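User: I'd like to learn how to read this model, feature by feature. Can we start with how burial is judged?

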Amino acid sequence: MNQSGEMPAAASSENKSSGSWFLKGMLAGIPICMGYYAVSFALGIAARNTGMNALQSFVMSLTMVASAGQFAAIGLIGAGAGFIEMITTTLIVNLRYFLMSCSLTQKLDPSMKPVHRFGLAYCITDEIFGLSVSVNGYLHPFYTYGITFVSVSGWCAGTVLGVIVGNILPAAAADAMGVAMYGMFLAIIIPPAKKNHFVGGLVAVSMLGSFLFTVLPVLRSVSSGFRVIILTLVLAGAAALIRPIPSDPDEEEEEQ
């Protein structure tokens, strides 16, 4: 603020930019929120069946935000497993997020403050990562914050509602809500695949690889978390060799 009491133009512009990016992220996160709400509703039912209350389930969803990891944790809680077993299992199941974080750092401005880097680390999920990494140029942290705010709100709300009223619904109806997750994935995948045929082909190959891990005798014994890690390393590495992108994301934006 200067002597006249007015805020410098640069600071005002930065605040406006952050606000607009946050709003843009909130709008982009609506499909994810809807998918998360449906899946977390079933998660809340599972949590209630193991004896967890609404507050405990809410804290778990707010701090973890990982469907596979939370379902695994709930199963271990129901089985009476110890803390070490639960921590180890959830780390393995969620190990793919380490890879996503490493990949997302390539989209960050080198001058970005550490507080935002740590904030983005919390925001990493499969779907939020997919939207964040697909933006042109450097990623503005408030875009991801906006997506996360809407998405995690739906995730936590669905979990709590599943604990409170989930058992009222028939089991078949509760299971059917999981279909919304597939619609959410399609909403994320289709736009960039239509814009870039190479990305579309890569998505098709990844789906085929995931299918092979499901049906082949040896591969189907690999856990879901390690499947994602293996496919990510192989396909992302091959894509980087075949179709490398500029080291500066701004150059990529100019080329498009």
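Analyst: Buried means under 20% relative accessible area, exposed means over 50%, and partly exposed lies in between. One caution: this is a predicted model. Now apply the cut-off. V65 has 7% relative accessibility, so V65 counts as buried.

User: Where does V65 lie?

Analyst: V65 sits in the loop between α3 and α4 (67–78). Its backbone deserves a look too. Most residues other than glycine have a negative phi. V65 is not a glycine, yet its phi is positive, about 50 degrees.

User: How much of the protein chain is buried?

Analyst: Buried residues make up 34% of the 256 residues in the protein chain. The accessible surface of the protein chain is about 14600 Å². Carbon and sulfur atoms hold 70% of that surface.

User: How many helices and strands does the protein chain have?

Analyst: The protein chain has 14 helices and 0 strands. Its pattern along the sequence is therefore α-α-α-α-α-α-α-α-α-α-α-α-α-α. Take the contacts with a separation of 6 or more: 76% of them join residues 24 or more positions apart.

User: Show me a salt bridge. What should I look for?

Analyst: Look for a side-chain nitrogen of Lys or Arg within 4 Å of a carboxyl oxygen of Asp or Glu. By this rule the count is 1 salt bridge. The side chains of D126 and R96 form a salt bridge at 3.0 Å, N to O. D126 lies in helix α8 (residues 126–133) and R96 in helix α6, so the pair ties together parts 30 residues apart in sequence.

User: Are D126 and R96 buried or partly exposed?

Analyst: They fall into separate classes. D126 has 22% relative accessibility, so D126 counts as partly exposed. R96 has 8%, so R96 counts as buried.

User: What else does the side chain of R96 contact?

Analyst: The side chain of Y97 makes a polar contact with the side chain of R96, at 2.9 Å. Y97 lies in helix α6 (residues 96–104). At 13% relative accessibility, Y97 counts as buried.

User: Which residues does Y97 contact, beyond its neighbours within four places in sequence?

Analyst: Y97 is in contact with A66, I124, T125 and D126, once those neighbours are left aside. D126 is also the salt-bridge partner of R96.

User: Which residues form a nonpolar patch on the surface?

Analyst: L55, F58, V59, L62 and Y122 form a nonpolar patch there. Together they have about 440 Å² of accessible area. Helix α3 (residues 54–64) supplies the largest share of the patch, 4 residues. Y122 comes from helix α7 (residues 114–123). A patch residue needs over 30% relative accessible area. Y122 has 36%, so Y122 is partly exposed.

User: Last item: cysteines. How many disulfides does the structure hold?

Analyst: The structure holds 0 disulfides. The test is a pair of cysteine sulfur atoms within 2.5 Å. Still, check where cysteines sit. C102 is exposed, with a relative accessible area of 53%. C156 is buried, with a relative accessible area of 5%.

Note on methods: Residues are numbered from 1 along each chain as its sequence is written. This is a predicted model: local features need pLDDT of at least 70, side-chain atom pairs count only at pLDDT 80 or more; totals for chains, interfaces and linings use all residues. Side-chain values use heavy atoms; hydrogens and water are left out. Patches are made of residues with over 30% relative accessible area and no salt bridge: like charges are joined within 9 Å, nonpolar side chains (Val, Leu, Ile, Met, Phe, Trp, Tyr) within 5 Å. Accessible areas come from the Shrake-Rupley method with a 1.4 Å probe; for residues, only the protein chains shown count as cover. Helices (H or I, at least four residues) and strands (E, at least two) are DSSP runs, numbered from the N terminus. Buried means under 20% relative accessible area, exposed over 50%, partly exposed in between (1.4 Å probe, protein chains only). Contact means heavy atoms within 4.5 Å. A polar contact is a pair of N or O atoms within 3.5 Å; within protein, one must be able to donate a hydrogen and the other to accept it, and residues adjacent in sequence count only if both atoms are side-chain atoms.
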